[in-house]
Amino acid sequence: MKGIDARKADHIEICLNERIEPGYNYWNDVRLIHDALPEVDYSEIDTTSNVLGRELEFPFIVTAITGGFKGAEKINANIAKACADLGIGMGTGSERAGIDGVDENSYRIIRDYDVPLVIGNIGAPQLIEQGRKRAYGKMDIEKAMELIDADYIALHLNFLQEVVQPEGDTNAKGCLDAIKRVASDYPTIVKETGAGISMSTISKLEGYGIRAVDLAGMGGTSFSAVELYRARNENDAIRTRIGETFFDWGIPTPVALECADTKLPLIASGGVRTGLDVARAIAMGATCVGAANLVLAEAMESAEAVKEKLTIIKEELKAAMLLTGSANIKELSTKRYVLLGQTEQWIGGMKKWM
Ligand SMILES: Cc1cc2nc3c(=O)[nH]c(=O)nc-3n(C[C@H](O)[C@H](O)[C@H](O)COP(=O)(O)O)c2cc1C
């Protein structure tokens, strides 16, 4: 069985080189309505937004990607520098390797940059006992916060990944109580990792002080796909087969967002690839938008490359704002949209029993 650092390195390698996304683009099914007479000056468009108490230059977070092995230090430094320069948020990958003392530097490097919103990360499955593995407690969360001087801790739900992963933590019993305990002590975000969060799951999380939910839906990075390639490399026929079967498992992000009827702030991530997708998500009610794989190749290269990619996203967002007659993010959030294709079918199906 591989160590956690080798596993993290595998994830990066696979995301860069293999097909890890289901083919269908759900965000393309969300159409904002063109305003032929927008009465807005592009040069005056205000993309700033208060996200979870922090002023961001535009409502965007590079969500959890990595940490915990040597190569991760450069990736996190490049992302942190770009996010600091652009005034947007950043999440680190799972801090398990930092907590367990495998590697701290790849996390600590984030502290060197003035990122306006920093989010730590721990898997919810690690909050409960998994076979002989101990459950993380308060000291571990404290360390995760301290390593990167985090504003929030994101607890990730990743049972799709765990069930495909050859060494997965598949005990989900007690997770909700463990999340509630963390939320009573630390500013907590609950996030998925690419399979989405339904309204019935959000209902279970409401009322316990959780500060936000990152829907992290299906349509972008599939952790079933990522683990499928690892299982194949390890000649694990059963996990390979499960990975293939559940390749596109989950709730597409725009579907999860449309069906989420909650007062909790929502971060929309999963398959976001353009600034137009960001505008779509804001119009659909997201407080903030996130993406991970979008900047991975650039993060391997340089902070400048990440910055360039994210500057395109911001300019595309502004273009969408001009074309919908939105002078600021608040106005964009009130714009109408039409739902098409599989996304509309999904939502129709979901709403039948809501
Ligand atoms: C290489 C890679 C590693 C990731 N590692 C983590 C992680 O450690 N913790 C986590 O909560 N999410 C992790 N994610 C998931 C993202 O933060 C996010 O939920 C989702 O992938 C966003 O979708 P996108 O990649 O389609 O933009 C990872 C994503 C990628 C691409």
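This report walks through the barrel, the helix packing and a few loop residues of a predicted model.

**The barrel**

Let's start with the strands. Eight of them, taken in the order S4-S5-S6-S7-S8-S9-S10-S11, close up into a barrel, and the pairing is parallel. On average, and with direction ignored, neighbouring strands of this sheet are turned by 25 degrees against each other.

For a closer look at one pairing, take S7 (residues 152-156) and S8 (residues 188-191). These two strands run parallel and are joined by 4 bridges.

**Helices against H14**

Next up is H14 (residues 303-323), whose axis comes within 7 Å of the axis of H12 (residues 275-283). The axis of H2 (residues 72-86) also approaches that of H14, coming within 8 Å.

| Helix pair | Axes come within | Crossing angle | Contact by class |
|---|---|---|---|
| H12 and H14 | 7 Å | roughly 55 degrees | 9 nonpolar, 1 polar, 3 charged residues |
| H2 and H14 | 8 Å | roughly 50 degrees | 6 nonpolar, 1 polar, 3 charged residues |

With H12 and H14 crossing at roughly 55 degrees, H12 is oblique to H14. The crossing of this pair is right-handed. On the H12 side, the contact is made by Gly 275, Leu 276, Val 278 and Ala 279. Their counterparts in H14 include Ile 312, Ile 313, Leu 317, Ala 319, Ala 320 and Met 321, along with the charged-side-chain names Lys 314, Glu 315 and Glu 316.

For H2, the angle to H14 is roughly 50 degrees, and that makes H2 oblique to H14. H2 passes H14 in a right-handed crossing. What does H2 bring to this contact? Asn 78, Ile 79, Lys 81, Ala 82, Asp 85 and Leu 86 are the H2 residues that meet H14. Across from them, H14 supplies Ala 303, Val 306, Lys 307 and Leu 310.

**Loop residues worth a click**

Glu 39 has a phi of about 55 degrees. You'll find Glu 39 in the loop between S1 (30-32) and S2 (49-51). Is Glu 39 buried or exposed? It counts as exposed, because there are 7 other C-beta atoms within 10 Å, and 12 or fewer is the cut-off for that label.

Leu 52 has a positive phi too, near 50 degrees. This residue sits in the loop between S2 and S3 (54-56). With 19 C-beta neighbours inside 10 Å, Leu 52 is classed as partly exposed; the buried label would need 20 or more.

Gly 53 is in the loop between S2 and S3 as well. Gly 53 comes out as exposed, because it has 10 other C-beta atoms within 10 Å. How far is Gly 53 from Arg 31, C-alpha to C-alpha? The separation is 30 Å, for two residues that are 22 residues apart along the chain.

Methods:
Residues are numbered from 1 along each chain as its sequence is written. This is a predicted model: local features need pLDDT of at least 70, side-chain atom pairs count only at pLDDT 80 or more; totals for chains, interfaces and linings use all residues. Axes are lines fitted to C-alpha atoms, for helices over the stretch in contact, and angles run from 0 to 180 degrees between N-to-C directions. Angles under 35 degrees count as roughly parallel, over 145 as roughly antiparallel, 65 to 115 as roughly perpendicular and the rest as oblique. A crossing is left-handed if the near helix is turned anticlockwise from the far one by less than a right angle, and right-handed if clockwise. Two residues are in contact if their C-beta atoms, placed from the backbone, lie within 7 Å. Two strands pair if DSSP finds at least two bridges between them.
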